Amino acid sequence: MRALASALTGNLRQSGIFLAFAAIVLIFSLAHDQFLSPSNLTNIVLQYSYILILAIGMLIVIVAGHIDLSVGSVVALTGAVAATLVIREGQPWWVGVLAALAVGFLVGAWHGFWVARVGIPAFIVTLAGLLIFRGLTFLTLSSISLSPFGGTYYQIANGFQNGLFGGYGVDVFTLVVFGAAVAVYAWTAWRSRRARQRYQQQVEAFWWFVAKIVVVAAVVMWFAYQLASSRGLPNVLVLLGVLIVIYTLVTQRSVFGRHVYAIGGNLNAAQLSGVKVKKVNFWIFVNMGVLSSVAGIVFSSRMNGAQPSAGNSFELDAIAACFVGGAAVTGGVGRVTGAMIGGLIMAVMSNGMQLLGVETAWQQVVKGMVLLLAVAFDVFNKRRAEAAR
């Protein structure tokens, strides 16, 4: 019990996120019998995947001590560019995808120039971007919606990998993919534990380490079974999984990632240590622009078209996912996995309240209170750490 208590209290920010997520899932599963059904779990993945993609990029922005208010408008603009080329001009689907990615890159470079080179605060630059790129979306679409995409572009966010390995009512391929992911997670956790032991760092009790692996494996494989029992492995979940792996490695194992945390943790110390702050800040916003374009592709594919009002309030959902997931308001703290859990908390609450028939107004109130409490918890945790010194 002492090891369990130490694990839970040793990092309140991370353990609190997982406990809160488990509690919310339990509450909604008891309140509505269809909440954990295979079809509803699949719908959660499809409906909120683009917010999770945005949250990955937003986490890096927040860790560096910035904020990006323009991502919803960039989602709309990139989707509009893809729709104009594919639907209106009759170009192949991949031309629309590449054009959207190019627009996202240029938008990120635009923001990075003003923030990194000119020195204007990111809040102001991206607030201007919110207005500029929303206006460009209306101009690109001539203030009308374009649909449908159809074909391969539509399958990006609506297609499934099903039946590749067969299975009678349960897709084997989905189970194999998730089983491989669990094996990689266990192997990585084991290597990390052995590395800490070699450097004589403190590690948790072995039974607690094994228990965590078993619990994670059980939850992941249960989720995989639910997807396999429905329509199989969603294409967008494959994309999201690849992005999570890449950006976890980038933030935790790369020089760029260490520099991002250094800038957000102590800007002056980072400059004195030789970190090229302007260059890092520039690429942070380029990265955010590219991920916004990826989210724009996924969202327009999911909606099977582009609308001038697409992406409204997406920036708020992405920011909320990061802060609920444990990112610090002052920067320097946050993980990709935490942002994903934070995004899932917001997604699960939205989906659960919709199933229960809660009015939209009250849904906004509840999500706002959750965000406020998450930030308040971060402040409390920081004061607790300072008092313990």
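The protein chain exposes about 18,900 Å², and carbon and sulfur atoms supply 67% of that area (Shrake-Rupley method, 1.4 Å probe; for residues, only the protein chains shown count as cover). The model is a predicted one, in which local features need pLDDT of at least 70 and side-chain atom pairs count only at pLDDT 80 or more, while totals for chains, interfaces and linings use all residues. Residues are numbered from 1 along each chain as its sequence is written, and side-chain values use heavy atoms, with hydrogens and water left out.

Of the 389 residues of the protein chain, 46% count as buried (under 20% relative accessible area, with exposed meaning over 50% and partly exposed in between; 1.4 Å probe, protein chains only). The charged side chains comprise 24 positive and 10 negative ones, and the centres of the two sets lie 16 Å apart. Here Lys and Arg count as positive and Asp and Glu as negative, without His and the chain ends; each charge is placed at NZ of Lys, CZ of Arg, CG of Asp or CD of Glu.

As for the fold, the protein chain has 16 helices and two strands (DSSP runs numbered from the N terminus: H or I of at least four residues for helices, E of at least two for strands). Its radius of gyration is 21 Å, close to the 21 Å that the globule rule gives for 389 residues, so the chain is as compact as a globular protein of that length (C-alpha atoms; the rule is 2.2 Å times the number of residues to the power 0.38). The C-alpha trace spans about 65 × 60 × 40 Å along its principal axes. Among contacts between residues at least 6 apart in sequence, 79% join residues at least 24 apart (contact: heavy atoms within 4.5 Å).

Now to the rings: a search of the whole structure finds 14 aromatic pairs (Phe, Tyr and Trp rings, the six-membered one for Trp, with centres within 6.5 Å; planes under 30 degrees apart are stacked, over 60 edge-to-face, the rest tilted). In one of them, Y50 and F299, the centres lie 4.9 Å apart and the planes stand at 80°, so the pair is edge-to-face. Y50 belongs to helix α3 (residues 38–63) and F299 to helix α13 (residues 277–303), so this pair ties together parts 249 residues apart in sequence. Y50 is buried at 10% relative accessibility, and F299 is buried with a relative accessible area of 10%. Ring pairs also link Y50, F299 and F314 into a cluster.
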